[in-house]
2 protein chains.
Amino acid sequence: MSPACGCGIDVHTHFVPRDMPACPSPAVRPFWPSMQPGQTCGHRHVMIDGRNFRTVTEQCWDTDIRLADMRNMSIDHQVLSPMPELLSYWMPAREAQVLLREVNEQIAQAVRSHPQAFSGLCAVPLQDVDLAIEELEYSMSSLGLDGVEIGTNVNGLPIGHPTLAPFFEAAARLGAAIFVHPIRPVGLDRLVGPPALEQSVAFPGETGLAAVSAITADLLGRHPGLRLAFSHGGGTLAMLLPRLTHARGAFPALRDALARTPLEHARQFFYDSLVYDRATLAHLIEMFGERQIMVGTDYPFAIMERDPLARLEALDLSADARRGLRRDNALRFLNKSAASLNQ
Amino acid sequence: MSPACGCGIDVHTHFVPRDMPACPSPAVRPFWPSMQPGQTCGHRHVMIDGRNFRTVTEQCWDTDIRLADMRNMSIDHQVLSPMPELLSYWMPAREAQVLLREVNEQIAQAVRSHPQAFSGLCAVPLQDVDLAIEELEYSMSSLGLDGVEIGTNVNGLPIGHPTLAPFFEAAARLGAAIFVHPIRPVGLDRLVGPPALEQSVAFPGETGLAAVSAITADLLGRHPGLRLAFSHGGGTLAMLLPRLTHARGAFPALRDALARTPLEHARQFFYDSLVYDRATLAHLIEMFGERQIMVGTDYPFAIMERDPLARLEALDLSADARRGLRRDNALRFLNKSAASLNQ
């Protein structure tokens, strides 16, 4: 499939291994995932601490099914990221690395099998910054992955926390694309209703706060060249920016903390388009700029966007902007050339 | 001043008494506010637990200064609400009521002195729902106030929590206008920077979650006639709605929990216009409807919007819509006639 077909690059898709490695230590057993067959053919349960965390389909690990689905969605290239629950920040780092290494190897295997169709992002044990840097270096140099998926927080520390700064310095040096995905969100005690509200409602707020922490910590200023993308259209960031901008004019401490306007930072981040609404996507494009937004679908999970390019078609955009949203912005985020996807 | 002048009704302004009542019990001393003179003439410090919570100006209690400021802002009517920190949900309810009663009496006094210029919302001790209903009844029937300002949560319980349902039932019966303001927001541990980030960044997320809890608890369906307004343009709600709407189609438990679409609920709430940005305000009008948004400024605090009507002028609106945003939507929220403000 050639880019001339007008297909898209989907930067937000998830990968789950068909089988997990054996639990390396009784200490991590309550957190360690294992896979069990589901009732339906091709379905498997991700079991954690004796409970079914999520039932997933073979789309998660079977690249042939993925490729068929991609054709139906007019997507010719997917970026594979681990299912966020696998990030394992809550385990001791060495044990977590056993799991993450297996996930990273399997993502790399999928990419090697179809390099024109897939790019891959690794997972790293960010609860130990030095080990995380080692795993990122290994994943990029030895496995050929393009960057890393990280959570919005690491055991409660937002991505702008100074503890994590050496990781971002290393990522900038390595040229890693960083995809920021919500995990363990704040606000669960404010929800009234079924557990699905966690990902439906708490995720975007968590992502908005993480993006603000990247702004107030000046991650892009401190680590030139860093490429950060936020999932779900940046979550609530677009609603937070104007108030933060106004507050910077009202409170001297905020003015001192923010040398550049929040919007200048925000317009250097990348975002996926996964907001499920024409008017909201149009608003994000106006706020963040048409060069910063990329197709994202959450494939293959239940909440996925099934026809992502139709969302773009519904917008009043120039041909250049449309091509940017479909492909070119993702290529800049991944630091890849269009030609490299056709080899 | 007559409405024909094109002036606006500002539904989001705050009141602080010049002096607080004496602390009624040693048990609440760590929470009890007192006022101390500031260095600058007309400034006073709100002291709580030996610390200066906020330095406020005489605009907070002096109605003559308010009226002069209102003329400069082209506002001919303000709704007076307590400074949210005074809501005192964290005190034993009986002691809190001593403070709230004084605040409510002083707001009522300001309204009585200039009934054409001011409406008033009371504070109630929502940590004790029965007592809160009593205070609301007293404030409306004896003090002539129009409703109540409530926090987004009561000691962590979001407004949609079943514990609070009897209060909303009473508010609907009494015809109270309810203004929901963020307080003690979630997400403080996700902020990297000065304390001003709490109100600048955490407030909108807290309000968005409160509004979602009002949707998932079906507050308007369960209590017909209830009039709920959310501050700061509903916070992050506009960014949460499309994802919640999509998730309702993807997760059967959410479909079961939400008989109507989230947007149907959201388009029955009121919102203030306090988002400091033309494109964001235009997006809110598209999302929530031009009949649900009202002028709000946060007068007289540091973060206030100084020229609220200019924000409306910058929008491409019909004359009817403009008049709605300036005045008519607020009159519907307050359940008042235009004539009543001219008597």
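The structure is a predicted model, in which local features need pLDDT of at least 70 and side-chain atom pairs count only at pLDDT 80 or more, while totals for chains, interfaces and linings use all residues. Residues are numbered from 1 along each chain as its sequence is written, chains are lettered from A and ligands numbered from 1 in the order in which they are written, and side-chain values use heavy atoms, with hydrogens and water left out.

A:Ala196 is located in the loop between strand E10 (177-181) and H5 of chain A; helices (H or I, at least four residues) and strands (E, at least two) are DSSP runs, numbered from the N terminus. When residues up to four places away in sequence are not counted, A:Ala196 touches B:Phe251 and B:Leu254, contact meaning heavy atoms within 4.5 Å. A:Ala196 and A:Leu334 are separated by 138 residues in sequence and, from C-alpha to C-alpha, by 31 Å in space.

The largest nonpolar core comprises 217 residues. Such a core is a set of buried Ala, Val, Leu, Ile, Met, Phe, Trp, Tyr and Cys residues joined through side-chain atoms within 4.5 Å. The residues with the most contacts inside this core are A:Phe167, A:Leu228, B:Phe167 and B:Leu228. Leaving aside residues up to four places away in sequence, A:Phe167 touches A:Val124, A:Leu126, A:Val129, A:Ala132, A:Ile133, A:Leu136, A:Val148 and A:Ile150. In soluble globular proteins, nonpolar side chains tend to be buried together.

Burial also marks helix H10 (residues 278-288) of chain B, where 8 of the 11 residues are buried, so this helix is largely enclosed by the rest of the structure. The buried positions of H10(B) are B:Ala279, B:Thr280, B:Leu281, B:His283, B:Leu284, B:Ile285, B:Met287 and B:Phe288. After H10(B) comes B:Gly289, with a positive phi near 100°.

In chain A, three strands form an open sheet of order E2-E3-E4 with antiparallel pairing; two strands pair if DSSP finds at least two bridges between them. Strand E2 (33-37) and strand E4 (51-57) of chain A are at the edges with a single partner strand each, so one side of each has no neighbour in the sheet. The twist from one strand to the next averages 30°, where axes are lines fitted to C-alpha atoms, for helices over the stretch in contact, and angles run from 0 to 180 degrees between N-to-C directions. Strand E3 (residues 43-48) of chain A is joined to E4(A) by 6 bridges, and the two run antiparallel. A:Met47 has A:Asn52 of E4(A) as its bridge partner.

Chain B contains an open sheet of 3 strands in the order E2-E3-E4, with antiparallel pairing. Its edge strands, E2 (33-37) and E4 (51-57), each pair on one side only. Neighbouring strands are turned by 30° against each other on average, direction ignored. E2(B) pairs with strand E3 (residues 43-48) of chain B in the antiparallel sense over 5 bridges, and B:Ser34 stands opposite B:Met47 in E3(B). The hairpin of E2(B) and E3(B) has 5 residues between the strands, and B:Gly42 takes a positive phi near 85° there. E3(B) and E4(B) are antiparallel over 6 bridges, and B:Met47 has B:Asn52 of E4(B) as its bridge partner. These two strands form a hairpin with 2 residues between them, and B:Asp49 in the turn has a positive phi of about 55°.

Grid points are joined across faces, edges and corners, and a volume is the space filled by probe spheres set on the points. The count comes to 3 cavities of 30 Å³ or more, and the largest cavity holds about 120 Å³ of space. This cavity is lined by 16 residues, of which A:Val186, A:Gly205, A:Leu209, B:Gly205 and B:Leu209 are the closest to its centre. The largest pocket has a volume of about 820 Å³. E4(B) provides the largest share of the lining of this pocket, 6 residues.

Technical notes:
Buried < 20%, exposed > 50% of the residue type's maximum accessible area, 1.4 Å probe, protein only. 1 Å grid on protein atoms, 1.4 Å probe; cavity = no way out; pocket = protein on both sides within 12 Å on 5 of 7 lines; lining within 4 Å.
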